[in-house]
Amino acid sequence: MKVNLIKRLRRLKRQLKIIAMVLACTVFMYKHSLTARSRDLVVHLDSRSLFENQLFQSEIMEKSTMKETLFYFNESLNIENNTPEYNQERAYQGKVSYQNELSQTKSVNCTLWEPYPDDLIATFPSRIKLNPSRFLYPGFYGGPNNQIMGLLQSIYVAIRLNRTLVVPRFSTHQYTFGKVEAVPAFQRINIRRLCSFVSCISIEQFRKTCRGKMDVIFKAKEVTIQNVEKYERDTEMNILQKFDNDGTDKLKLSQTAQSALLTYPDSSYVISRDHWLPSNEDDIRAVYNTTASCALHALSYRSVEIMEKRKIAFPLLRNASNIHKIPDDVLYSAVIDSVHLPPCVTAAAENYVNAIIGNREYVALHWRYNEEDWFKPCQRPERKPVCEALKKITPQDVAHAIVNNLPPLQNNVKLRGPLPVYIAAPPSLKAFKLEIFSHVERLNPSLEAVSVDLEEYFKKTGLVQCWQKSDWVSHDDVISLIEMEIVRMSSYFFYSIRSSWSANIRPLRWEWKDGNTDKLFEASIYDLITNAKSGLTSLV
């Protein structure tokens, strides 16, 4: 019997060795096929500029878990290749300590942070092909995330009007940067992703085609000379068009924006502060009814009354061939899906999460409410009650709301060790944030504060030199964008109401579950706190 047992053990040992060899070969072949595929893709792009080859190759190597990099050169959208890149495909190999990450830092590849060549913008094969002889330039106002919301509206209007989109310039936040300064598009969005969705041209191409001047203004809000002068500086084009009268130059656009320049809509429409324009294609074409080629979409923010389907950003299906028959909310979901943060920002966020959090789910809180910025419009009647309630909220209130409203975690197979909690907040609220951390860990020892400072981490790893060398306009903007991506990748999100920062993240947070799209956990931190104080049931 003992001899038989030994024989069986030896046989089992041999079988295990064979299985191990087969697995090793499988892994090797899989890695080899990925490398070959990446190499083939890069070779396929030989006709493009040297910069584009370097950029594309760098994205493949640095973001190998993202199918996005393999997706954009397809002729049509591929749902399978466009699932949320990080929620499903993060394959971290355990938690790496902060010290080990720093000690292993090598020379930093800054290719992804470099300026994006204008001559590449019109070269991508777009899913939605728009009229190449009519154009729409999005003119923004407000902070960075209001500008993103404005871009979404302009993309939708451009599609419904069949006008090629001009990739616009953005601007700094006056409150955080101290002044309004132009920001190139590559520092705010993933240009390849946008222009693979809808027909685009650069500002330079737009200026050349339109011979240096605009033909018409499409008003999304009431426009002033100061607004339009900013768009003139951004595009280096003539919009106001001076004319000679009694020996003096006068502007065709007055201070009150009663324009003698060609503008739409006409006086029969009432332009209100929010959502005055229906999303129906016929209505949009009736409002902006002109064949003029070169159009400015001025103050494009919260004018079209539309929401994304199921509050999820989702690409168009392969069989969606007739753009006119696509429901408005479905199209707007695809528009939101086309606007992601720059690839360098996504890679930086993943680098931080990989090093500091590791292969664990985590909680993210966005606390937006700083005195020097958010509270400035608190004199508006509709905002005053919320402002007064927010001023009474303490860090302890916030910590209780997080601890008491997380879903049950005991059956979560992805959870390994303490559940990390990341807090994104303006720099002036650092003390408030640290106090929240203290209360969270005291109330629930199974929660762990992610306390490694983002700026300090990127200084020590050397990545900060990338955006400095490439002359990124605002350091604060970079940090804020990276934080947005860190929050987007979280499994549990407590968001801030009345914040475009939070609002722009929420539609991008979903996952595939049992063959369907499923929203990841999210809850309004304000509502949770106010409901708890008033004795109401939680919104979760």
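Reader: Which residue in β11 is the bridge partner of isoleucine 217?

Author: Happy to start there, with a reminder that this is a predicted model. Strand β6 covers residues 216-219, and β6 pairs with strand β11 (residues 294-298) in the parallel sense over four bridges. Within β11, the bridge partner of isoleucine 217 is leucine 296.

Reader: And which residue in β9 stands opposite isoleucine 217?

Author: Strand β6 also pairs with strand β9 (residues 263-264), in the parallel sense and over two bridges. In β9, the residue opposite isoleucine 217 is threonine 263.

Reader: Are the two faces of strand β6 covered or uncovered?

Author: Let's take the faces in turn. In a regular strand, side chains alternate between the two faces of the sheet. On one side of β6 sit Val216 and Phe218, on the other Ile217 and Lys219, and all of these are buried.

Reader: How many disulfides does a search of the whole structure find?

Author: A disulfide is a covalent bond between the sulfur atoms of two cysteines. One joins cysteine 110 to cysteine 466, another joins cysteine 210 to cysteine 294, and another joins cysteine 378 to cysteine 387. The search of the whole structure finds three.

Reader: How many residues apart are cysteine 210 and cysteine 294?

Author: Their sulfurs are joined, S to S 1.9 Å. This pair links distant parts of the chain, with cysteine 210 in the loop between α9 (203-209) and β6, and cysteine 294 in strand β11; the separation is 84 residues.

Reader: Is aspartate 234 buried or exposed?

Author: You can find aspartate 234 in helix α10 (residues 225-235). Buried means under 20% relative accessible area. Aspartate 234 has 6% relative accessibility, so aspartate 234 counts as buried.

Reader: With which side chain does the side chain of aspartate 234 make a polar contact?

Author: Leaving aside neighbours within four places in sequence, aspartate 234 is in contact with Tyr137, Arg169, Ala182 and Ile203. The polar contact, at 2.7 Å, is with the side chain of lysine 230.

Reader: What share of the residues in the chain is buried?

Author: The secondary structure comes to 21 helices and 19 strands. Of the 540 residues in the chain, the buried ones make up 53%.

Technical notes. Residues numbered from 1 in each chain as written. Predicted model: local features only at pLDDT ≥ 70, side-chain atom pairs only at ≥ 80, totals over all residues. Heavy atoms only, no water. Buried < 20%, exposed > 50% of the residue type's maximum accessible area, 1.4 Å probe, protein only. Polar contact = N/O pair within 3.5 Å; in protein donor to acceptor, adjacent residues only side chain to side chain. Contact = heavy atoms within 4.5 Å. Pairing = 2+ DSSP bridges. Disulfide = S-S within 2.5 Å.
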